[in-house]
Amino acid sequence: MSERTEDAARRVFDAINSGDLGALDDLVTDDFIDHGSPFPLPPGPEGYRKILTFVHDVLQIRYTVEDLFSTDDRVVIRAVATGVGVDLVHGEGAAGKTYTMTTAHIYRTEGDKLAEHWGIRDELAARIQLGTVAAPDPAAFADSAPGPDQSRV
C-alpha cells in the first residue's frame with residue numbers, strides 16, 4: 001500500500017470534479033491505459049484527459065468517493081457519480097435529466113503513479129432513472145423466489 005498512489009487516485013477524482021485535468025501529467029504513467037473508455041484513446045495523460053474531459057464537460061459527472069483501499073499494486077475506489085443525461089449517450093428523452101450511479105474504479109499502479117484503470121458503472125440504474133429503460137416488473141421476481149419447500153442452489 002502506498003499513500004502516494006492513494007493520493008494520486010483521490011487527486012484524479014478531484015480533477016474530474018473541478019475540471020482541472022492538468023494534474024494528470026503527474027498522476028498517471030506515460031503509457032497509462034483506461035480500459036473503461038467507450039471509445040479508443042491514445043495512452044498516457046493525453047488519452048485519459050480526453051475521456052475525463054468528456055466525463056466532466058459532456059456528461060457533467062461529479063463524484064463522491066465513498067471508499068478507498070489499496071494493495072501493493074492496486075487502488076480501488078467505490079464512488080457515487082451524479083450526472084446529467086445526454087440523448088446520444090443515454091437514449092432519447094434523457095437530455096438535461098439528472099441521475100446518480102454507483103461506480104467502482106480499479107487502478108493498477110507503478111511506483112507512485114497510476115498505470116491502468118478499469119471502471120464498473122451501474123449504467124442500467126442510471127438509464128432507468130432517466131426514463132430511457134423501463135424498470136423491471138417486481139412481479140417477475142416473485143415467481144423466481146424459492147418457495148418454502150424449495151432450497152436455493
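In what order do the elements of the protein chain run from the N terminus on?

**View 1. The whole chain, shown as a predicted model.** In this predicted model, the elements run α-α-β-α-β-β-α-β-β-α-α from the N terminus on, and there are six helices and five strands in the protein chain. Along its principal axes, the C-alpha trace spans about 55 × 40 × 25 Å. Of the 153 residues in the protein chain, 36% are buried. If we take the contacts between residues at least 6 apart in sequence, 52% of them join residues that are at least 24 apart.

View 2. Two residues whose bridge partners lie in E3 can be picked out here: Asp67 has Arg78 as its partner, while Val65 has Ala79. On the next step across the sheet, E3 and E4 also pair in the antiparallel sense, over 11 bridges, and in E4 the bridge partner of Val84 is Thr98.

**View 3. Helix H3 and its buried side.** Helix H3, which covers residues 44-58, has 15 residues and reaches 21 Å from its first C-alpha to its last, close to the 21 Å expected at 1.5 Å a residue. Which residues of H3 are buried? They are Gly44, Pro45, Gly47, Tyr48, Ile51, Leu52, Val55 and His56. These residues cover an arc of only 165° around the axis, which puts them on the same side of H3. What covers them includes helices H1 and H2 together with strands E1, E2, E4 and E5.

View 4. Gln60 is found in the loop between H3 and E2, and its phi is near 55°, a positive value in a residue other than glycine. Is Gln60 buried, partly exposed or exposed? With a relative accessibility of 38%, Gln60 counts as partly exposed.

**View 5. Helix H1 and what its buried residues pack against.** The 16 residues of H1 should span 22 Å at 1.5 Å a residue, and the end C-alpha atoms of this helix are 22 Å apart, which agrees. The buried residues of H1 are Thr5, Glu6, Ala8, Ala9, Val12, Phe13, Ala15 and Ile16, and they pack against H2, H3, E2, E3, E4 and E5. H1 is followed by Gly19, whose phi is positive, near 85°.

View 6. A pair of aromatic rings is described by the distance of the centres and the angle of the planes. With ring centres within 6.5 Å taken as the cut-off, the count comes to three aromatic pairs. The rings of Phe13 and Tyr63 have their centres 4.9 Å apart and their planes at 75°, so this pair is edge-to-face. Phe13 lies in helix H1 and Tyr63 in strand E2, so the pair ties together parts that are 50 residues apart in sequence, and both Phe13 and Tyr63 are buried. Phe32 and Tyr48 form a tilted pair, at 4.3 Å centre to centre and with 40° between the planes. This pair links distant parts of the chain, with Phe32 in strand E1 and Tyr48 in helix H3, 16 residues apart, and both Phe32 and Tyr48 are buried.

Notes: Residues are numbered from 1 along each chain as its sequence is written. This is a predicted model: local features need pLDDT of at least 70, side-chain atom pairs count only at pLDDT 80 or more; totals for chains, interfaces and linings use all residues. Side-chain values use heavy atoms; hydrogens and water are left out. Helices (H or I, at least four residues) and strands (E, at least two) are DSSP runs, numbered from the N terminus. The expected span of a helix is 1.5 Å times one less than its number of residues. Buried means under 20% relative accessible area, exposed over 50%, partly exposed in between (1.4 Å probe, protein chains only). The arc is that of the directions from the helix axis to the C-beta atoms. Contact means heavy atoms within 4.5 Å. Rings of Phe, Tyr and Trp (its six-membered ring) pair if their centres lie within 6.5 Å; planes under 30 degrees apart count as stacked, over 60 as edge-to-face and the rest as tilted. Two strands pair if DSSP finds at least two bridges between them.
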